[in-house]
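Biologist: I'd like to learn how to read helix packing and pockets. Could you walk me through it?
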Amino acid sequence: MFGTLAASSPIARKVLAAAAHWHVEVKCGSADPAALQAWRDASAEHERAWDLLQRMDGQLGTLPPALALPALQAAQQRRRATARILALLVAAGGGIALGQAGLQSAPWQAWTASLRTAPGQRRHVALADGGRMELNTDSAADVDYSASHRRIRLHQGEIMITTASDPRPFLVETPHGVIRALGTRFGIRCTQGGSSVSVFEHAVEVRCAARLDAVRRVEAGQQLRFTANGAENAQAMPAHQDSWLRGMLVAADWPLQQLVQELARYRRGRLACDAGGAQRPVTGTYRLDDIDAVLESLCASHGLQVTYFTRYWATVSARAT
């Protein structure tokens, strides 16, 4: 579907978002026709966005009967539908240049995602096609399966995907780009600074959000980091990349700061590393179900101390001599 609906010049993301909102209102029967027409007439860019929506109508899927729901539930359903349609608009054509914003998720999209995990929690999801998805700590995702595609929207965090045999394309979207599975098992991690994909079986294709016409292939045993505007060269995937599936974190001569940053993902609140011991090398295997116990072990074995300002605010530093 990429590249087939490209516009002659970029369409701003805020215009696409407004068009998605209007589409949902129309489908729910609550749109003011005069107000919609006024919005379309306000600029040629508005009309182009609306025209793109009409051409994609068959790919957008059905919407929930929001008007039959209580007001709060209806509003939540509409927000989710709007977010899904906006993601489809962005992925539809390489001519929609969104620059640094890429496929950026608004915070409420993560908060209202249908699949979420809290810090320290993991979750297994059986997909409708027979595939599997595992969500790591503090993650948020939505699943969108239709007659023409299988799509996962990862707003934040980390997932592991095992795809099932199915003729429909399997896509994973992050705020930074789109990953297409080529019959594979792969992991995706999404942070504010970028996304990374690690391929355990077969291969995937990666398109950065601002360059959807450029395809990067990542083979089994490789890892690729990318942002909305570009990708690094694929590297050999580090060992034990999927150890979190077993509730473990394996560090091999990591700087202490790197280890603390990883542990912080699994603990509520703020966990930081003092600059004085940040580069101290650490090797070990650590359980992820009790981060405070891991910190106690590190203190005993590496001459460290943890200062708790509150229960949810702690700093790891070298022990005072």
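Biologist: How do the axes of helix 1 and helix 2 cross?

Modeller: Two packed helices are described by the angle between their axes and by the distance between those axes. In this predicted model, the axes of helix 1 (residues 13–27) and helix 2 (residues 33–41) cross at roughly 160° and come within 11 Å. An angle over 145 counts as roughly antiparallel, so helix 1 is roughly antiparallel to helix 2. Their crossing is left-handed.

Biologist: Which residues make the contact?

Modeller: Helix 1 brings Val15, Ala18, Ala19, Trp22 and Val26, while helix 2 brings Ala35, Leu36 and Trp39. Sorted by type, the contact residues are eight nonpolar, no polar and no charged.

Biologist: And pockets? What volume does the largest pocket have?

Modeller: Rolling a probe the size of a water molecule over the atoms shows where empty space is left. Here the largest pocket has a volume of about 720 Å³.

Biologist: Which residues lie nearest its centre?

Modeller: Arg189, Gln223, Arg225, Gln241 and Glu262 do, out of 35 lining residues. Elements giving two or more residues to the lining include strand 7 (177–191), strand 10 (222–226) and helix 6 (256–264). The lining divides into 14 nonpolar, 14 polar and seven charged residues.

Technical notes:
Residues are numbered from 1 along each chain as its sequence is written. This is a predicted model: local features need pLDDT of at least 70, side-chain atom pairs count only at pLDDT 80 or more; totals for chains, interfaces and linings use all residues. Side-chain values use heavy atoms; hydrogens and water are left out. Axes are lines fitted to C-alpha atoms, for helices over the stretch in contact, and angles run from 0 to 180 degrees between N-to-C directions. Helices (H or I, at least four residues) and strands (E, at least two) are DSSP runs, numbered from the N terminus. Angles under 35 degrees count as roughly parallel, over 145 as roughly antiparallel, 65 to 115 as roughly perpendicular and the rest as oblique. A crossing is left-handed if the near helix is turned anticlockwise from the far one by less than a right angle, and right-handed if clockwise. Contact means heavy atoms within 4.5 Å. Ala, Val, Leu, Ile, Met, Phe, Trp, Tyr, Cys and Pro count as nonpolar, Asp, Glu, Lys and Arg as charged, and the others, Gly among them, as polar. On a 1 Å grid over the protein atoms alone, a cavity is a set of points where a 1.4 Å probe fits but cannot get out, and a pocket is an open set with protein on both sides within 12 Å along at least five of seven lines; lining residues have an atom within 4 Å of a point. Grid points are joined across faces, edges and corners, and a volume is the space filled by probe spheres set on the points.
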